Amino acid sequence: MASANTILITGAGSGIGAATAGLAARRGHALILLDRDPGGIRATAEEARAAGVAVVEIPVDVTDAPALAAAIDRGVAEAGVPRGAVCCAGIDRGGPSHELDVETWDRVIGTNLRGTFLTARAVIGHLLAAGQPGAIVCISSVLASVATPGGTAAYCASKGGVASLVRSLAVEYADRGIRVNALAPGATETPLMWAPVAPEDLAAMRETVDGDVPMGRVAVPLEQAQAAMWLLSDESAYMTGSELVVDGGVLARASLSV
């Protein structure tokens, strides 16, 4: 496929990344898929190929800068310069901040913020070298703007950094035809969403979260994927440096009940 139809997605092995890959494939886009989980990315790639599109799948950890750069170079060589990229790779590790070890902090910041920067940097470099416009979507979070009491300091800080990074990149490259926006999901039915929850607490936590969302339920990954694809499309051609919140009304709701 021509590079004009190619989309690069990190974190494509599960959750929002996998849903975005599936939707993009059904819309006819060739794909460059990156994820550190070989099994997950293989399953996503097989589903995409079933839709009849070309797929390059490369297992890689976005925290490994040389490996990530090499993976993106390989993807570009095989599928062309992507006109769109979605930076979905992310993790959530936490606990009480006074007990949070530095290694956990570094891993969360390294994956969610540094990995997003490294991906965007590489994609922008290829777009500039090719003289092509493009669009990049970075997955932020409602927790870039608010916090929960459950020991989410590293995750909140990383996503706040992503939101700020998006604004900076958008301003820096707007005159080169490269748009950069953030998608801020609320609670979404993904492995990441429930990763910190003990299995015996999962049912009660689901009920609590559903009750906290004004729309009464968590999102499904496809709903976030649709928003990401809109941000990549010409329908959002005048948007850059923005954050699209898809959270069922969470940020609009006051914490007070009266």
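Here is a quick tour, starting with the sheet and ending with a few loop residues.

This is a predicted model, so a word on the ground rules: local features need pLDDT of at least 70, side-chain atom pairs count only at pLDDT 80 or more, and totals for chains, interfaces and linings use all residues. Residues are numbered from 1 along each chain as its sequence is written, and side-chain values use heavy atoms, with hydrogens and water left out. Helices (H or I, at least four residues) and strands (E, at least two) are DSSP runs, numbered from the N terminus.

**The sheet**

- Seven strands form an open sheet in the order E3-E2-E1-E4-E5-E6-E7, with parallel pairing; two strands pair if DSSP finds at least two bridges between them.
- Strand E3 (55–59) and strand E7 (243–246) are at the edges with a single partner strand each, so one side of each has no neighbour in the sheet.
- On average, neighbouring strands of this sheet are turned by 15 degrees against each other, direction ignored.
- Angles here run from 0 to 180 degrees between N-to-C directions, and axes are lines fitted to C-alpha atoms, for helices over the stretch in contact.

**Around strand E4**

- Strand E1 (residues 6–10) pairs with strand E4 (residues 84–87) in the parallel sense, over four bridges.
- In that pairing, Ile9 is opposite Val86, while Leu8 has Ala85 as its bridge partner.
- On to the next strand: E4 and E5 run parallel and are joined by four bridges, and Ala85 has Ile136 as its bridge partner in E5.
- Which way do the residues of E4 point? Gly84 and Val86 point one way, Ala85 and Cys87 point the other way, and all are buried.
- Buried means under 20% relative accessible area, exposed means over 50%, and partly exposed is in between (1.4 Å probe, protein chains only).

- E4, H4 and E5 together make a right-handed β-α-β unit. Right-handed means that, with the strands pointing away from the viewer, the path from the first strand over the helix to the second runs clockwise.

**Nonpolar cores**

- In soluble globular proteins, nonpolar side chains tend to be buried together.
- A nonpolar core is a set of buried Ala, Val, Leu, Ile, Met, Phe, Trp, Tyr and Cys residues joined through side-chain atoms within 4.5 Å.
- The largest nonpolar core has 34 residues, and Leu34, Ile136 and Val180 have the most contacts inside it.
- Two or more residues come from each of strand E2 (30–35), E3, helix H3 (65–79), E4, H4, E5, H5 and E6.
- Another core lies apart from that one; it has 28 residues, among them Ala19, Ala24, Leu31 and Ile41.
- What does Val180 touch beyond its neighbours within four places in sequence? Its contacts include Ile136, Cys138, Val166, Leu169 and Ser242.

**Cysteines**

- How many disulfides are there? The count comes to zero, taking a disulfide as a pair of cysteine sulfur atoms within 2.5 Å.
- For Cys87, the closest cysteine sulfur is in Cys138, at 4.2 Å, which is too far for a bond.
- Cys156 is in no disulfide either, as the nearest cysteine sulfur, that of Cys138, is 18 Å away.
- Both count as buried: Cys87 has 2% relative accessibility, and Cys156 has 14%.

**Loop residues to look up**

- Pro196 lies in the loop between helix H6 (191–194) and helix H7 (202–212), and counts as exposed at 55% relative accessibility.
- Pro196 and Arg93 are 103 residues apart in sequence, yet 7.2 Å apart in space, C-alpha to C-alpha.
- Gly216 is in the loop between H7 and helix H8 (221–232), and is partly exposed at 40% relative accessibility.
- Ser242 is in the loop between H8 and E7, and is partly exposed, with a relative accessible area of 26%.
- Not counting residues up to four places away in sequence, Ser242 touches Val166, Val180, Asn181 and Ala182.

Notes:
Contact = heavy atoms within 4.5 Å.
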